[in-house]
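Me: I've got a structure open and would like to talk through its pockets. Can you help me read it?
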Amino acid sequence: AAGVMNSIGPNVLTDVGKAAIKARISAAIKKNQIGITVVVKTPTGVSTNYASGAVTVSASSTSVTALPESITSNEIANSGGLFQQGDKRIRVFVDDLSTAPTTSSSFTIGSDNYAVIAVSKDNLDLHYLISGRINP
């Protein structure tokens with residue numbers, strides 16, 4: 001029909017289908033050695049000791065294999081200021097992280113630590129696309 005967008009959603013595949021796709025992508029990443037090791041850290045709670053005034057933030061910290069992606073100059077130009085030159089994006093399997101990343105998360109590549117500035121999922125809910133800006 002005219003004017004109807006062809007779109008797929010996260011429920012179009014069964015869990016078995018998603019697992020098969022993940023297995024194939026994982027094998028390609030290993031075979032071609034294109035993945036990088038990244039530590040993703042996401043706050044999971046805050047506790048306050050009112051007697052001492054100390055605040056403790058607990059976090060989930062997970063080492064995963066990620067696919068690095070470039071944020072293009074076109075994306076930067078059309079982002080309304082969200083993205084800047086030097087920002088990084090990684091693609092991480094959803095089920096590799098026990099806690100969903102947020103803009104309060106961070107990720108580390110080697111010795112570089114990035115504050116998360118945007119998080120989204122692909123159309124099939126297989127990957128998080130996590131964009132970050134290096135912490136000075």
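Me: How much space lies in the second largest pocket?
Reply: About 150 Å³. A pocket here is an open set of points on a 1 Å grid over the protein atoms alone, with protein on both sides within 12 Å along at least five of seven lines. Volume is the space filled by probe spheres set on the points, with points joined across faces, edges and corners.

Me: And what kind of model is this?
Reply: A predicted one: local features need pLDDT of at least 70, side-chain atom pairs count only at pLDDT 80 or more, and totals for chains, interfaces and linings use all residues. Residues are numbered from 1 along each chain as its sequence is written, and side-chain values use heavy atoms, with hydrogens and water left out.

Me: OK, which residues line that second largest pocket?
Reply: Ser26, Ile29, Lys30, Gln33, Ile34, Gly35, Thr65, Phe93 and Asp96. Lining residues have an atom within 4 Å of a point. Helix 1, residues 15–32, gives the most, with three residues.

Me: Now the largest pocket. What's its volume, and which residues are closest to the centre?
Reply: The largest pocket holds about 180 Å³ of space. It has 15 lining residues, and Glu69, Ser70, Ile71, Asp87 and Lys88 are the closest to its centre.

Me: Which elements supply the lining of the largest pocket?
Reply: Strand 2 (54–69), helix 2 (73–77) and strand 3 (88–93) each supply at least two residues. Strand 3 has the largest share, three residues. By class, the lining of the largest pocket has six nonpolar, five polar and four charged residues.

Me: How many cavities are there?
Reply: One of 30 Å³ or more. A cavity is a set of points where a 1.4 Å probe fits but cannot get out. The volume of the largest cavity is about 30 Å³.

Me: What lines the largest cavity?
Reply: Ile29, Thr65, Ala66, Leu67, Arg91, Val92, Phe93 and His127. Strand 2 and strand 3 each supply at least two of its lining residues. Five of the lining residues are nonpolar, two polar and one charged.

Me: Stepping back, how many helices and strands does the chain have?
Reply: Two helices and six strands, running α-β-β-α-β-β-β-β from the N terminus. Those are DSSP runs, numbered from the N terminus: helices are H or I with at least four residues, strands E with at least two.

Me: How much of the chain is buried?
Reply: Buried residues are 29% of the 136; buried means under 20% relative accessible area (1.4 Å probe, protein chains only).

Me: Last one, Phe107. Why does it count as buried?
Reply: Because Phe107 has 1% relative accessibility. Phe107 sits in strand 4, residues 106–109.

Me: What does Phe107 touch?
Reply: Leaving out residues up to four places away in sequence, its contacts (heavy atoms within 4.5 Å) include Val38, Val39, Val40, Lys88, Ile90 and Gly132. Phe107 and Gly132 are 25 residues apart in sequence, with their C-alpha atoms 7.6 Å apart in space.

How values were computed. Nonpolar A, V, L, I, M, F, W, Y, C, P; charged D, E, K, R; others polar. Buried < 20%, exposed > 50% of the residue type's maximum accessible area, 1.4 Å probe, protein only.
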